[in-house]
Amino acid sequence: MSRSIDGQASASMQILQNQLKHNVRQYAMFIALIGIGIIFTVLTNGIFLSPRNLSNLLLQTSFIAILSVGMVLVIVGGHIDLSVGSIVGFTGAFAAILQVNYGYSTLTVVVLTLGLGAVIGVWQGFWIAYRLVPAFIVTLAGMLIFRGALIALTGGQTIAPLEPAFRAIGQGYIPRLFVNTEATSGFHDLSFIVALLAIAGFIFFEMKTRLRRKRHGFSNLPVPLFVAKIVAVAAMLWMFFSVMVNYRGIPYSIMILMALVLLFVYITNNTTFGRHVYAIGGNREAALLSGINIKRKTMAIFVIMGALSGLAGLVFTARLNSATASAGNLFELDTIAAVFIGGTSMRGGEGTIVGAIVGALVMASLNNGMGLMNVSSEYQLIVKGLILVLAVWFDISSRSNNA
Amino acid sequence: MSDHILEMKNIVKEFPGVRALDNVSFQVKPGEIHALVGENGAGKSTLIKVLSGVHPNGSYQGQIHVDGQEQRFLHIKDSENVGIAVIYQELGLVPQMSVVENLFLGAEKGRAYRIDWDVANTEALKYLKELRLDVSPKALIRNLGIGKQQLVEIAKALAKKARILVLDEPTAALNEQDSANLLSILRELRDRGVTCIYISHKLGEVLEIADTVTVLRDGKTIGTRDMHGPERLDEAGIVSLMVGRELTERFPRVEHTPGEVVLQVRDWSVQDPENSEKRIVDNVSFDVRKGEILGVAGLMGAGRTELMMSLFGAYGKRLSGTMLLNGQQLNIRSPLDAIRAGLAYVTEDRKGKGLVLGMDVRENTSLAALKYLSRFSIINRLEEIRRAEEYVKSLRIKTPSIEQKVKNLSGGNQQKVVLGKWMLTNPKVLILDEPTRGIDIGAKFEIYNIMNDLVEKGVCIVMISSELPEVLGMSDRVIVIHQGRLNGELHWSEATQEKTMLLATGGTEK
């Protein structure tokens, strides 16, 4: 009896060691996130971990995370997009001008702006997919073109203010239902319900997957490890939500982001489009011979990226309550770094949405923490540049070790 | 002083979970051609990597002696310094550079920081002449045929003063002519005292050229035989040492009764993408009948792959030609059209064009048939798993599960995954391009059986193969392509290696 328990325990240890060895990248990004959190908490005497700051951090994460979702597809498909920062600025200014100068309602502005993002995606996708100009060049050009268009559009002026409904996209929180309805902090009931639903949903799907895998005779984690994993992830989800439950609630932008994550996790795992993108990035020739329409899929990737850039433009503009000529500057760097930190392969064909979100949290934490410490912007740039190199170096070195 | 130039003693090399080399000993006499044979996975490549320092000293157990001196190689450079040069299957030349630049790459002639091109060119000419290679040192590598590139590789090794030349499957990509030329040059080198370790799957060549043969199986040395002595091995003898059993029948021939014509190709011409003046496929017409295997023979570069890829919508620009499937005209512009019409093409380049190596067995199996496994572009995961498992079982793919990444499978099992992937599309015509290239004899035999099963089920098979015994052993009919043109057709009962080769080299039937 005790021997079999010992056996099971040692088997669990073995699997745990294997998992650690083969998933260094996944663990590394969580370790990086926690490490950065600890460092900034110490350096800022705890301000970093204050509810107010954490809530702020999430708002700061949202637009980079939205861009990262699209960027995962772009990089997995074997491309790159350097133009997202300029497109965020341009679409954001477009939205602000529609509302401030022409008085369009927020809903109309949202639809038109997403449309503009998609059209920009069609433009870039056309050159990349159908004219075979490398994405690096097309989007480098796009970076200049849309930055130029942004400056021309705003005339260098700040465009403000926006309607409350528009601002809510970037600054607002979901409402309280029954408790503390008038308060601006303290327990937030609707957020609590969302948190419970998320955690319950996660556990439900894990169980379902486990049963399905068992039915097909696939290897599953041993029970103790499985339970440990569920508890650990549920605890992390709870930590994530508790910040919002105990402060002002879940921001609308985070709700949008969560919906996007669910949608794109589904797309990458369960649709032919998702599978095709990974195949194209993994081996373009094999994908072509398997009857995959590479041109059309590439076009779709860039249209999605464009529309998500438009969405990020809306969120960012709403958060600042204004559009400026410098909006979105260097967002491409944060986004690309987030995607690589999140374990997406430089060479395409490999990468996950969830990883990129964690990567976006890492980048936003860096921005936030350095901001709290009043690190001047030139040093922030240097730090972020170094982080990008380190992230890619780590990706490459951990891959060659595992090969 | 030992009378062996190279001695590898009790080499043990382990990878996580696998013992790739299990106490291997290997001795080579100076000035001989020593063939190293074994099935895939027998440990040949690993042994060579230990010898060349790719697997550095310390990562394996055992000893290496060169000229009786123990050597501990930590880098490839170390093994090169004592005169060992390895020429891998994938050539290590820079295609955009000239012959002379490649010859002295990393060991440029002249003083520090300045290359003396006059000296380099003179020296290059000397080495090229030694190998009877008639190209200018200034010619670009990419403009040379694969056979000449191989010789440039050898010249490069000689330029490094190599005394022990290791060739890993040097003729795998060569046609018969270039192979014969290579073999005769190796003999000349031997007569000048260069020792040669020769790894090949082509037993005919081994018999022709080897002075000594060492057979590896499952990471162990099975035996070393002097090919001039009384223990001389013949082909069947080597094969039985390799697989540990007598192989009575290398090709499981099944009599098929060809039915009606399924695929008709007429006047098919394709432009050479490199040279718009040239037709890489020129006016080819042929039929494929239900329930038969049509062999496509020809030399490397004859245009066989190009012909099939262009039928499949994946190559070059079609200049003329029509294709009818069951009497219906097809207009194929992309592989997608071809798959829809019921064609399937198993590429000769398994890793480069056949598989997504980072994906698992399930994802690779379903890749070409996702359309049939999904509704509104949402994949039916259960059905996908069921089909993948079905093929793993019926094709006897050796894998821990369908979640194994295909890059971790052996060549033969990878090839079966590719076969399963195309069988899943339910093709009417299955085109196999070098279906058994680089896979071991056991897996070859299984693939032949799968082909026979498919034909039995009414699938038409078109098989390109550069191995004459394979084409002749498996096909019901053979068409022979020479320089883009159809140069004859033979029924299997009348096809001989000599006749086929005559047609492939441009001769005509009497």
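Student: How far apart are the C-alpha centres of domain 1 of chain A and domain 2 of chain A?

Tutor: The two C-alpha centres lie 25 Å apart. Domain 1 of chain A covers 26-39 + 48-171 + 251-398, and domain 2 covers 173-250; such bounds come from an automatic or database domain assignment. This is a predicted model, in which local features need pLDDT of at least 70, side-chain atom pairs count only at pLDDT 80 or more, and totals for chains, interfaces and linings use all residues. Residues are numbered from 1 along each chain as its sequence is written, while chains are lettered from A and ligands numbered from 1 in the order in which they are written.

Student: What makes up the contact between domain 1 of chain A and domain 2 of chain A?

Tutor: Two residues are in contact if their C-beta atoms, placed from the backbone, lie within 7 Å. The contact takes eight residues from domain 1 of chain A and eight from domain 2 of chain A. On the domain 1 side, α3 (51-76) and α10 (252-270) of chain A each supply at least two residues, and α3(A) gives the most, with four residues. Helices (H or I, at least four residues) and strands (E, at least two) are DSSP runs, numbered from the N terminus.

Student: How do the residues on that side of domain 1 of chain A divide by class?

Tutor: They divide into six nonpolar, one polar and one charged. Ala, Val, Leu, Ile, Met, Phe, Trp, Tyr, Cys and Pro count as nonpolar, Asp, Glu, Lys and Arg as charged, and the others, Gly among them, as polar.

Student: How many residues of chain A are in contact with chain B?

Tutor: 21 residues of chain A are in contact with 26 residues of chain B. On the chain A side, α11 (272-282) and α12 (284-289) give two or more residues each, and the largest share, six residues, comes from α11(A). By class, that side has seven nonpolar, eleven polar and three charged residues.

Student: Why is N367(A) called partly exposed?

Tutor: A residue is buried if 20 or more other C-beta atoms lie within 10 Å of its own, exposed if 12 or fewer, and partly exposed in between, with C-beta atoms placed from the backbone. N367(A) has 19 other C-beta atoms within 10 Å, and is therefore partly exposed. N367(A) belongs to helix α15 (residues 353-372) of chain A.

Student: Why is strand β11 (residues 212-217) of chain B described as largely enclosed?

Tutor: Five of the six residues of β11(B) are buried, so the rest of the structure largely encloses this strand.

Student: In which sense does strand β3 (residues 33-37) of chain B pair with β11(B)?

Tutor: That pairing is parallel, over four bridges, and L36(B) stands opposite T214(B).

Student: Why are β18 (343-346) and β24 (485-491) of chain B called edge strands?

Tutor: They belong to an open sheet of six strands in the order β18-β21-β22-β15-β23-β24 (chain B), with mixed pairing. β18(B) and β24(B) each pair on one side only, and are therefore edge strands. For β24(B), the antiparallel partner is strand β23 (residues 477-482) of chain B, over five bridges.

Key: Pairing = 2+ DSSP bridges.
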